[in-house]
Structure formats: structure tokens, C-alpha cells
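Here's a quick walk through a two-chain model. Have a look at the fold first, and then we'll go through it piece by piece.

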Amino acid sequence: MSDDIVLSLTKATKLYAGVAAIDDVDFDLRRGEIHALVGENGAGKSTLTKVMAGVVTLTSGTMTVDGVEASPQSPLEARQLGIAMVFQENSLVPTMTVAQNLFLGQERFYNRLRGIYIAAQQFLQSLNFDVAPTATVGVLGAAKKQMVEIARAVLHKAKVIIFDEPTASLTPEEKKYFFDLVRDLKRRGVSIVFISHALEEALVLADRITVLRDGKKVVTDDAAKFDRARIVQAMVGRDLSHTLYGVRKATVRKAGDRVLTVQNLKMAPMVKNNSLSVFAGQITGVFGLVGAGRTETFKIVSGVLKRDFFYGGEVFLRDKPVRFRVPAPAVRAGVAYVTEDRKVEGFFETASIARNIYLGLTSRFPRGRAFLSRREVNAIGSDWIKALKVRAIGNEAKVVELSGGNQQKVVIAKSLVQAPDLIIFDEPTRGVDVGAIVEIHELINRLADEGKAVVVISSYVPEIMALSDRILVSRQGKVVEEFSALEATEEKIMYAAIH
Amino acid sequence: MIGVRDFANRLLGRGDAAIAVPTFDGALKPNQKLEAADIVLECAAPEDLATDGRSIYVADGPRLLKLDGDVAAEARRFDRPISALAVLPDGGLAVALAGREIRIYLEPSAPKPYAVFASGLNAVNTLAPAPGGTLVATDGSMTYAVEDWTRDLLERQRSGRLLVLDPATGAAKTLAAGLGFAFGACATGDEVLVSESWMHRLIAIRRDGTMRIVLPHLPVYPSRLSRASGGGYWLTAFVARTLLVEFVLRERTYRKRMMAEIDPEYWIVPRLRSGLSFKEPLQGAHIKTMGVIKPWAPPRSYGLVIRLDAAGAPLYSLHSRVGGTNHGVVAAVECDNSLVMIAKGPGRILRLPVGPLNQEFGA
């Protein structure tokens, strides 16, 4: 059996300023297995994988690779040991081509570009990856970027590939393709460690699952012996299965006043004659595959994007036509947009939580503010940290130091501080752990109960069904179907999104 | 300044020139409820409905029919077609004939009217009782006759009026003028709810003539209103708005030529029924989606009844969509837990039980 173990950690402990990120964790990875690591944010999954990938070193404990003790001090050393890590935010150079990215770090003194392209083409074909080696990485979709990352790992002869939230930014079809890729790597004898918050993925894809909680290993077992409820219980130490996607809606909220009307909105090539309405006191779920124009439609509504200059359609806010060219007037008119890409658009990661939240408020001031009151910033920050249960050392903590779920809460607080009437949540629980998902869902429901018009854009059908009172399905740039939450089924929604 | 803005809007396709139509969503989400309605009666030219709480009165051309259950009998006949009908709280009957004359009878069978209003009326299409023994009437257009409503739409007329009539004194007062085809009124408190078809909205006009918008941006041309049991109203809509018609309404020269040169039957305008001739515009098309050809056609005719709450907000709606037949709904009244409607397109009186509808839609 021990021959089968490609990588193992024994009594692995990593302390940050005396606080254990992982504590006495035993972990082993078999050759050619897919091993899922699951746990709430802050459970220690990332730290554990970073130890394997040489990003951080253990405070105590040992790591062996192929039975030999190893302690990689850098990712380069880990790579030389055959361990590669594919990060959630991929590490490719967007301005370089696929081939250049593949061979990055392996350049010779004289490089013949044509030779690199040919080698890359042959290599990508051997992996059955449909990516053009001459394509610039920046223009590739999330799935193709991930393919390039995987290809790079395989090229470096990795025998262990670690994926951190690999499917967070993928569409359902891309996820399916990604799963096939991972299974193909497994057939080639590559061992896979992947972190995922989507528990179904772990159950479907993994051979074994390890659950971490508060830096400690709770359980490792064959995936077949787990079900969703058992994983969730192990992760959070309490049963959340009936509060998270588990129970079908029995009633829906009645529509209040029509807050938003979009008529024949156009923004080539993504939004094509889109029309929809959003009502107060209801959660309107918007489902669609990537490219369906959901995000773009609501970014136009909130002034982040502009509609077509000629015949771009109409947007009415409380029956008054509006055309926001930048987000600030939209905020002042009561529209808040909670971005899907929190790390790029959601916050300033090196600024404190309180400052980030206060920044949301500043857009409500028509002429800005020359001076900020530190006391006011901290008071508002503290209030929202308390209200949304943001887990942090204090309101002076930097956002970059928070877990994904808590970062998302900061982004939400930054929007709610604007006291909006219409709140648009774009993928509100992407890359967020189970415990935080429940809290965010509770918050969204509370907002609707308070009479706010709430829009939830999500690619995850169970989330749409669990939250929404009415469900709009978007396809090819416009809303093509509407369901009441009472009549909607996953099949109906997916059918409308595809056909 | 307005001219510059109009020019800019026309150039950029904004404001009125956006040619944007609201979508049927929320409470207006389409269904086929009207197609499932029972057909109570087929008539040659049904126009309006009224009820005394026991029976339904149907205006069918010059005939006044009394409908008890499923049995219809001619109650009386007039010399001209009836364009509006109302049963008064005291059991009296008010009729508008050809839109140009309003007669008020003490009872439906009374031989002679006790009050007649004939001066300055042109296209009276609604009569409804109002407080203090008065009557409200909508005169759809001062320019064209009742049956010539398509011309009124194409010329973008705004000559509709809301009138208050006092049968006791014979006084007629214009409460509001310049309305975009007033078609439907219902007096409530010190206000009168009026549907303004060409403006696609429901407005409330107070006794002093001031106005507020109750329900704007409808995706249809609204028509008559009636009270619903348990509070609120039934609002009918005789046709849906389409991008093509909205576009034609922006093109003055085109409309002028079309009206001068084309048979009115084939104008690009909404109709109360469609699919009768291959020469009709908007009769069909297809779109290719994901490699699959799908049938598609903007509705030239449509049927819709909207249940409104007491504040005028839609609760649910009953539709007859493209491909259906019960189009051109111009009147709906609730009587004995049933909703009785006129689908003028096919000339049908329809009936749907209200209880199951309220239950299904949670109203």
C-alpha cells in the first residue's frame, strides 16, 4: 500500500504568529487518485496545499514524496519534486501567447518562436486540449486558461497537481469538460488534489475526500461513503442540509411595485433586445450560462457598462427613464451592484475592512468628500462588521487577510451601506464556504422581506431555486423564460437556458 | 429646445424614438387561460357588457341581449349599434349609440329614455356609474368614430375626453381632455380611473381635473375597466404592442402613404383578430436559434385581461397569445363568481370561474 502513496504529510502543523492554520494534520495521496479537500473558509485547505506546493513551509511535522522526506522551500523546488499547483486566480501572463506561457521559465538562450509553437501544438494535441498555441491568453475564456495551466503542470512532468477552486469561474459545460480532463490526467497516473466548495463536485469527481475544520483533519474516507449531509456536518459540525438548497420553497413573496423595467436593451454583442422587470419585496433570480448577457444587462442598469449608443433600449427606474454613464449616479438613485469578481472589482485588498465599507458610502456624496472622519469610518465599519458577522480581528484588518466568505460579506456591506432600493447580487456565493453561503442567503432573504427589490444572478441552479421568488432564464443576450419558484424545476430551467 | 431633443432622440433612438416595448413578465406573465375559457355565446358584433348582479347584459350591434346562465334573450333593439353600456345602481340602463348619443332609461325595458345626451359626442365607448347619481363616460376620440380607432392610432390623435354626466340636470362636464384614446373608466371615491389606450397606461383623474398615473408602461393597449369582487378591478386589453407597430408609429410619411394607398384591412396596425388572409402583415416568420428553426410571429392580435388590486397594481393576468383565437378582449365583468368577457375578434362571450383563478394565482 505504501508504494501507492505518492505524497504524505504527517502531523503537519503550520503556525502564523502563534495561531495554527493547520494543526497536526495527517494526509496521504495515492498514485493516480483524485483527492478532494473540503472545509469552510479558514479550515486550512489552502495552507495544506500551499505546504505541498512549497509556497509555505511547515512549522512542524514531515512531508514525504515517493517515500522520501522532502521539504520544498519554494514552488520551483516543489515543481522539481513533481508537484504543481493551479491557483484559483490563474498565474498565466495574459499578454503572452499560450505557447509562451507553457514554456515560461524554460526558455533557452536562443528561442525560436516557431519551434515553441510547434512543440506547444504537439503537446496540447497529445492532451486533447483544444487551445490554439498562438492565442493570447488574455482573450481566452476561464476554461481554456485552466487548460493552459493544467498543460503547463503536465509539461513540467508533474505527478501531483493541486487545484485550488478549479471550477469557481467555469460554466456548467466547462465544468463537465474540466472533469473529463481531470479524469484523463488520472488515467495517465497523475495524482490530483482539489479544493472545492461545491460539494457535488467532490462527490462526483473524487476517489477520496478529506474534510478539514478549524485547521484539523476531521475525516478522510472514500467518496462513495459520503453524501452531501455527511460532508456538511463534518465541515461545520452542525447539520445545514435543510437550510442550504435542501428545502423547496413552499411560498413565494408577492410582487410589490415595479422598481426596474428594462426594455429592448442592447449592448452588442452580449445583450440583444433584453427586456425584463424587477419588483420590490421579491427576489428575482436570473439564471443563464456564461455569455447569456445576464451580468452585462445588470452592469448597464448600474452604470458599470454602457448600452449601445444608437437604439440601445430603455431602462426605467420606478417608471422614470434613466441612463447611468458611471456607477455613482446609479448608487445615488438607489441601485447597488455586488460584483461577481470581488477580487478585481469588489474591494481594495490592502485597505482595511472599515475603509472598504466606507468607500461604498462615498459614492452617495454628490461632490465627494475632501476629508474623511476616521471615527465615522470606524463606526460605520464596526456596525456593518457586526451586522453581517464578518469574522476578522478588528475593523482595521485588511480585506486581503480575510477568507473568501468574509471578503464577500465586506463587498456586500460596501453595497448595503449605500441604502439601495434595488440590490443586484452577481454570483453572491462564488468561492464562498458553506457556512458563509447560509449567512449570505439569510441576508438576501432578509433584504427581500424588508421590501427591497433583489436580483440574484447565479449559474448554480440549486442556488437560484433556493433563493428566488421568480426566476428569469437568460439565453443569448435576453431573457427567454420566466418561472415562478413554485413551478420551476432544474430541468425546466436548464432546458430554457439551452434551447 | 424640445425640437432639438426630439431630433437627437430620433437620431440616437432614445426617449420616444427608442421603439421599446415592455415585456410581459411578473403578473403579466403569459398563459393560455383565455383559450381555456368556456364559450357562452357567439355573437355578430359584441361590444360591451354590464351586470345588475344577477344577469349579464350584452351589447351586440344594435341588440341588447340579456344573459341568464347560458341562455341569452334579446331584451331590446336600438336603431344604431351600441358602443357602450352600463347598468345603474338604481336598476336603470345607460347606453351609448354609435358613440354619438347617450340614452338613460329607468329600467332596461323602459320604452323611452328619461335623459339623453347628444351634443358634442363623437366616440363614446364607456359608461360607468359614479357617486351622486352621476355617470362617467369616455369619449375615445373627438376626431374619428368608434369603429375608426385604427386611423386614430395611426394619426397619433390625443383627442379623447372624460365626461361626467348628470341625468337629473342634463349637465355634461368635461373632466379631462386631450387623452390618447380614453377607453374604459371606473369611478372610485373622488377619482375616476381611466385607461388611456394610445398612452398604454391607467390614470386616475380627480374631480378637480388633476391627474396621476396609476399604471404606466403597459405592453398592451388597455380598454375597459370593471370592479372585481373583493376589491380591485378587471382591466381588459384589446391588443398587444409590437416593435413593428411602434416603429410605424414613428414614421409619419410611411403612415401617410400606407393610409392613402393600402386597403385598411392590411395596414400595419393592431387588429382584433388576425390570420384570416395571407396578405396580412405580421402573419408569421421564423428565427433560427442554436441551429434550430423556430416559428415566431409578433402578435397582430391578442387577448388579455388583467386583475388589478385596489391600488391598481397587477395581481395576475389571463392571456390568449399568438396562435390563439380569443383575441380583442374589450370588456369583462364579474357576476356570480364568474368572469364574463367579450372576445371581440371571434365574436365570443367567454366565461371563467373566478375562485380557481384567485386560488391558482394566490390573489
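This is a predicted model: local features need pLDDT of at least 70, side-chain atom pairs count only at pLDDT 80 or more; totals for chains, interfaces and linings use all residues.

## Chain B overall

Along the principal axes, the C-alpha trace spans about 65 × 50 × 40 Å.

As for what's inside, chain B holds five helices and 26 strands. Of its 363 residues, 46% count as buried. Among contacts in chain B with a separation of 6 or more, 50% come from residues 24 or more positions apart.

## Two hairpins in a row

Strand 3 (residues 56-60) pairs with strand 4 (residues 63-68) in the antiparallel sense, over five bridges, with B:I56 standing opposite B:L67. The two strands form a hairpin with two residues between them, and B:G61 in the turn has a positive phi of about 60°.

Strand 4 of chain B also pairs with strand 5 (residues 71-77), again antiparallel, this time over six bridges. Here B:K66 sits opposite B:A73. This pair is a hairpin too, with two residues between the strands, and its turn includes B:G69, whose positive phi is about 65°.

## Where the chains meet

How many residues of chain B are in contact with chain A? There are 14, and they touch 17 residues of chain A. On the chain B side, the contacting residues split into eight nonpolar, four polar and two charged.

Chain A is divided into domain 1 (2-236) and domain 2 (258-498). Taken over C-alpha atoms, the centres of these domains are 31 Å apart.

Now for a sheet in chain A: four strands form an open, antiparallel arrangement in the order 12-11-14-15. Strand 12 (271-279) and strand 15 (320-322) of chain A are at the edges with a single partner strand each, so one side of each has no neighbour in the sheet. From one strand to the next, the twist averages 25°. Strand 14 (residues 314-317) of chain A is joined to the antiparallel strand 15 by three bridges, and A:L317 has A:K320 as its bridge partner. Helix 9 (residues 294-301) of chain A packs on the sheet, where it touches strand 11 (258-267), strand 12 and strand 14, and its direction makes about 115° with that of strand 11.

Methods:
Residues are numbered from 1 along each chain as its sequence is written. Chains are lettered from A and ligands numbered from 1 in the order in which they are written. Domain bounds come from an automatic or database domain assignment. Two strands pair if DSSP finds at least two bridges between them. Axes are lines fitted to C-alpha atoms, for helices over the stretch in contact, and angles run from 0 to 180 degrees between N-to-C directions. Two residues are in contact if their C-beta atoms, placed from the backbone, lie within 7 Å. A residue is buried if 20 or more other C-beta atoms lie within 10 Å of its own, exposed if 12 or fewer, and partly exposed in between; C-beta atoms are placed from the backbone. Ala, Val, Leu, Ile, Met, Phe, Trp, Tyr, Cys and Pro count as nonpolar, Asp, Glu, Lys and Arg as charged, and the others, Gly among them, as polar.
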